[in-house]
Amino acid sequence: MNIRTNILLRVYLAFGLIVVLAGAVFFKLCHLQFVQGDKWRKKADSLSVQYVNTDAARGNIFSNDGSLLATSVPEYELHMDMLAAGIEDDKVFYDKVDSLALKMSEFFGDRSRREYSMMLRDARREKKRYQLVRRKVSYQELKRIRKFPIFNMGRYKGGLIVVQQNKRILPFRSLAARTIGYSNENVKNPVGLEGAYAGYIKGESGKRLMQRIAGNVWMPVNQEEEIAAKDGADIISTIDVNFQDVAQSALLKQLIKSDADHGAVILMEVQTGEVRAVANYSKVAPGEYKEKFNYAIAGNQDPGSTFKIASYMALLEDKMVDTNTLVGTGNYKIPGHMIKDSHGSIGVVTVKKAFEESSNAAVAYLVNKSYKDNQSRFTDHLYDWHLHEKLGLQIPGEAQPVVKSPKNRSWNKNMSLPQMAYGYEMQLTPLKMLSFYNAVANNGKYVAPIFVKEIRRLGNPVEQFSARVVSNKICSDVTLKKMQEMMEGVITEGTGKNIIYNPLYRIAGKSGTAQVADANKGYRAKRQYQASFAGYFPADKPKYSLIVVINDPKNGYYGALVAGPVFREVADKVYAADLDLQQNPATRLVGNTQMPQIKNGNMRAVQQVYGKLGIKPLYASNAARTVDTSNGVAPQEIRYKRGTVPSVTGMGLTDALYVLGNAGYRTTVRGSGIVARQSVTGGSIIPKGSRITIELE
């Protein structure tokens, strides 16, 4: 064999070896990819760990009286590690799995014992480390589940993995639901207090180390968080749950009776501007209404005759008329339109009587005659009263008021002025209109309404709010006095006489009826109306202002007839419930031989209630003015040593949260009723900021 042949042979052998090696590598790659791929992917997955955010418990939202309007309660998701230390031995697992399946079937009632057994056995065969057992488990349910076979072997041996989540609940359900609102990352525009104060309420997320296992499932490495979440701050709202219930109940009853499309009620405290109740209902089916839209702050429409207080205020302030000025009623002709009084003419009457009977023709004539040559003088008053501006509310969604002036392109020099005089050619929300009435009740001081009075963290104030003063004086005292008398006259002599008048206390207000435009089709496309009534009480010493607006009622539409009964019911019940308004309480406990039962709590609050009810303290049992025949009550303050944990056993939830919060502790609540147990015994010394769990039964 020559040298050349030898070289060629070696080249062929080397090439063949390379081909063989390449084939082997290719075969191995295919084997790894297609035959052993699942195995190695699972292996790689099991080596993946990372920190995952855990949600903090959102802060509570409280009512003005301390009731919980919104809170977060723990809710649990249960998983099972089928390879846990206590059940590594097949005999241990299979001896007890059917007993566990039976317990789960009896407890949850959604599957048979056999179905639960098959699920657990299949998960065991597949060696699942994070088998889902149950979602949405309460704390009380979890306590019972921990006692089930296998799970009762302990946290690590029994394989039960508990993942805590926080569920947002509204203890009063639909009460003030739209005002409370919600916070959802998928919703662009925030809703209510939950949305507006999300930065305070949501707290700071924690961290938990998670491991990725087969199937791209993440399971916690440890039962506890690596970095604890910081709970959100609490919001103290201005809402009074009792008044809110009254407002919603009265509104709903009238909406059903009148077959209306929607309605709103707002109750506000005169001096503070704090909104005590706000109810909104929309028709969703015949006779069925739900809170779907906040008409109180976003329902912009022509206010109708409730706006007449602004028209008459301008006339009186400019001395164009006085309350005894005579004016005709019935019809008033303007170019292109006839302004009519719906009940017909009542002849020539005084300005006061025209206001009390809500004559459209009279006010349109007076405003048009007085300001026709200088129309901006009238609208300047409206702008000086800030009726064209938003109130700057603490909750989102406030509509922009629309109040025209001669500078607007849509201004009609023949029609706009007289139309505005009785509440048309403008857009105002019920809350905007109520705020103006509130200014009249407040002796001219115009304050913007508020819904939140304080933010607290661990019981300590973080930020406090008071009403913004829009104007210190909207008009002269002389004009105010006349407007107040005219508004009282509506109740005693005018449209509210047979509906709203109550001999026990004085009310001032004004009815309103407005034809509502049908979207872009105008007023003539479909005749629908808005009935309203706005005012305040007690008229001699105003504490509350109130407005009722009912849209598109089918069974009658006049403001006094439709909105008036709601106004009367709410006003009567609020007046009766507010003990500060009772000058001479006639209903005291006379001859009582047994004291009312009370829970542990704030002594001053108990004494105040007893005082209002006429129950004497023990140390005054012989006082001549008392009517109680018992030995009296011996109040005792619950005290605790500073720096130690207070005992809250026996308290209601509100008092327990108040006491623990003021002592500087965070609280987790489980159950309902009164406090039966607390995780840290009263008198113990633990650092401030620690979490204490209280169980209610």
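Predicted model: local features only at pLDDT ≥ 70, side-chain atom pairs only at ≥ 80, totals over all residues.
I started at a side-chain pair: Gln484 makes a polar contact with Asn443, side chain to side chain, at 3.5 Å.

Next I looked up where Gln484 sits, and found it in helix H17, which covers residues 477-492. Buried or exposed? Gln484 comes out at a relative accessible area of 16%, and since the cut-off for buried is under 20%, it counts as buried.

Then I listed who touches Gln484. Setting aside neighbours within four places in sequence, I got Val440, Asn443 and Tyr536.

Two of those names sent me to helix H16. Val440 is one of the buried residues of H16, and Asn443 follows that helix. I checked the backbone at Asn443 too: its phi is positive, near 55°.

I stayed with H16, residues 430-441. Its 12 residues reach 16 Å from first C-alpha to last, close to the 16 Å expected at 1.5 Å a residue. How many of the residues of H16 are buried? I got 12 of the 12, so the helix is largely enclosed by the rest of the structure. The buried set takes in Lys432, Ser435 and Asn438, among others, along with Leu431, Met433 and Phe436.

Last, I zoomed out to the chain. I noted 21 helices and 27 strands, with buried residues making up 47% of the 697. For contacts between residues at least 6 apart in sequence, 69% join residues at least 24 apart. The accessible surface is about 35,600 Å², and carbon and sulfur atoms hold 50% of that.

How values were computed. Residues numbered from 1 in each chain as written. Heavy atoms only, no water. Helix = DSSP H or I, 4+ residues; strand = E, 2+ residues; numbered from the N terminus. Buried < 20%, exposed > 50% of the residue type's maximum accessible area, 1.4 Å probe, protein only. Contact = heavy atoms within 4.5 Å. Areas by Shrake-Rupley, 256 points an atom, 1.4 Å probe, with all protein chains shown as cover. Expected span 1.5 Å × (residues − 1). Polar contact = N/O pair within 3.5 Å; in protein donor to acceptor, adjacent residues only side chain to side chain.
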